[in-house]
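Here is a short briefing to read alongside the structure. It moves from a sheet to the nonpolar cores and then to the aromatic rings.

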Amino acid sequence: MNRQTLSLIAGATALAAVTGFATLSAPDASGGDTTAKAAAQLPVQRTSLLCPQPSTSDVAETAYTAFTPVTEGTGEEGGAELVAAGGEATAPDKSGDAEQDDKDDKGDKDDKGGDSGKGKAAKPVIEVKEPGKPVADSTDGGDSPALIGTAEGKFAPGWTVQETTEVAAGTGRGLLGVNCAAPDTEFWFPGASTAAGRTDYVHLVNPDDSAAVVDIELFGKDGALKSTVGDGITVQPSSDEPVLLSTLATAKEADLTVHVNVRSGRVAAAVQALDDKQGGDWLSAAADPAGSLVFPGIPKDAASVTLVAFTPGETDADLKLRLTSPNGPITPAGNETLHVKGGMTATADLGDITRGEPGSLVLTPTGDSVPVVAALRVVRGKGASQETAFIPATRAVGARATVTDNRAKGTTLALTAPTAAAKVKITASAGSGGGEATTKSFTIKAGTTQNVEMPAPNGLKGAYALTVESTSGAPVYASRTLESKFDGIPAFTIQTLPNDRGTVAVPKAHQDLSIMQR
């Protein structure tokens, strides 16, 4: 094996470490210069997203919305679809033809494994036909399965799927939303609970045709909770395994940090946090442990906000708290700092920290930087009409980020630039049932949070997507709040907008590298 081939294989190995998978074709034999040059950003060619089982409530109503933003340099082929877990996905459409009947966009929720051509394959529950236009579908009841999705070619970069569920009554009633996530091997969930009145499940979705083995650890205010049943949990192929946290430990803890570590295989994970009195929502995985963290988009009418933080190592962390308001940074009185002991979960009751104005919380080290994971629990409403949502620490928007299932009413997009001013371009896509996309630019002042007044698409019908692109300046962080009032309850859910990782850096060379994000 010659030196050039070894070099190319090393490059492919490095890409696999970043994106999850890389395929390498033979080197260019044309005699041209194959020396690697400055890296180029190329679109990913494959993306996997997994949606947990939405609810077991008979009165649940779930909407799915899928969207891929238009990306330059992707070519004309590809496809994107989600199928019920337990079924074999049909091959994505390679024709690029978007002229099929709109009814083909809808899967039959009662058909879990229809027969299509040779062999049996699950009928797609939802199938994207055209980048730049969202596709929506819905289902009722408590038997809706988890979904396993794959996007390829021009549909892969930035592919986003939202699962939104309305539960009219019972434990966890309210609006529950989650961005369907890519499979990985480690997750942190600060903000879970085993207290009386809370029913929290960690959902583990395995997309592969072999079993995954997962360990779940729980950390409370005094450290790790004793448990033997959290080790070696088997998640069967192409399935969703919901694990009730209260079965993993006998201790009743109001605020826990959940650590999911995958021994073999890969899964997507999310915590469904259900409260007897304060509704419920999905708690998505927090950003990787870091010394500084950002929580964008705390609602202006938040009745109470609780910070839950955890330090994975043995070293204590001392953090400075700062609220970025519309007029600049504020230090919350009485909560200027937070001390987090190594290996223990710490909390801070921030009360109604926003006081009628939108805001974002920023954590920075007071001294030496110690990696921390954290999330906010946000409660809106009063008395018996309260509802809960979560804001995990998130990555910056970076080049681009997207959130879908936005509606004509009840959608709020919040942006913050904690360190310096920044400019962004925001595009509201066409609706799932029609409309015309609109684009608008905004400047976010340093140390502020802004609820941007982004107009809905012209002639909007159905749900639409919001895509945020950084154009200049400092890092920007974003979240979307979705509201839906019913029976006097201020039902809401919050999703952050981390960078979509739709492109990957590839050394400029004459070899053909196909990048796959999994």
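Two strands count as paired if DSSP finds at least two bridges between them. Please keep in mind that this is a predicted model. With that rule in hand, an open sheet of four strands can be read in the order E7-E4-E9-E10, with antiparallel pairing.

**The open sheet**
- Strand E7 (135-140) and strand E10 (174-179) are at the edges with a single partner strand each, so one side of each has no neighbour in the sheet.
- From one strand to the next, the twist averages 15°.
- Strand E4 (residues 60-67) pairs with strand E9 (residues 160-167) in the antiparallel sense, over eight bridges.
- Within E9, Thr 165 is the residue that stands opposite Thr 62.
- As background, strands of a sheet pair through backbone hydrogen bonds, either parallel or antiparallel.

**Nonpolar cores**
- The largest nonpolar core holds 30 residues, and the ones with the most contacts inside it are Phe 295, Leu 307, Leu 361, Leu 363 and Leu 376.
- Strand E22 (residues 317-325) supplies the largest share of this core, four residues.
- Another core, of 27 residues, lies apart from it and includes Val 243, Val 262, Val 267 and Val 271.
- Leaving out residues up to four places away in sequence, Leu 307 touches a set of residues including Phe 295, Leu 321, Leu 338, Leu 350, Leu 361, Leu 363 and Leu 376.
- Thr 347 is also among the residues that Leu 307 touches, as are Ala 346 and Ala 348.

**Aromatic rings**
- The count comes to three aromatic pairs.
- Trp 188 and Phe 310 make a tilted pair, at 5.6 Å centre to centre with 35° between the planes.
- Trp 188 belongs to strand E11 (residues 186-192) and Phe 310 to strand E21 (residues 304-310), so this pair ties together parts 122 residues apart in sequence.
- Trp 188 is buried, with a relative accessible area of 8%, and Phe 310 is buried as well, at 1%.
- Phe 219 and Phe 310 also form a tilted pair, at 4.7 Å centre to centre and 35° between the planes.
- Because Phe 219 lies in strand E13 (residues 212-220) and Phe 310 in strand E21, the pair links parts that are 91 residues apart in sequence.
- Phe 219 counts as buried too, at 11% relative accessibility.
- Together, Trp 188, Phe 219 and Phe 310 form one aromatic cluster.

**A charge over a ring**
- Arg 380 lies over the face of Phe 492, at 4.9 Å from the ring centre.

Technical notes. Residues are numbered from 1 along each chain as its sequence is written. This is a predicted model: local features need pLDDT of at least 70, side-chain atom pairs count only at pLDDT 80 or more; totals for chains, interfaces and linings use all residues. Side-chain values use heavy atoms; hydrogens and water are left out. Helices (H or I, at least four residues) and strands (E, at least two) are DSSP runs, numbered from the N terminus. Axes are lines fitted to C-alpha atoms, for helices over the stretch in contact, and angles run from 0 to 180 degrees between N-to-C directions. A nonpolar core is a set of buried Ala, Val, Leu, Ile, Met, Phe, Trp, Tyr and Cys residues joined through side-chain atoms within 4.5 Å. Buried means under 20% relative accessible area, exposed over 50%, partly exposed in between (1.4 Å probe, protein chains only). Contact means heavy atoms within 4.5 Å. Rings of Phe, Tyr and Trp (its six-membered ring) pair if their centres lie within 6.5 Å; planes under 30 degrees apart count as stacked, over 60 as edge-to-face and the rest as tilted. A charge sits over a ring if NZ of Lys or CZ of Arg is within 6 Å of the ring centre and within 35 degrees of the ring normal.
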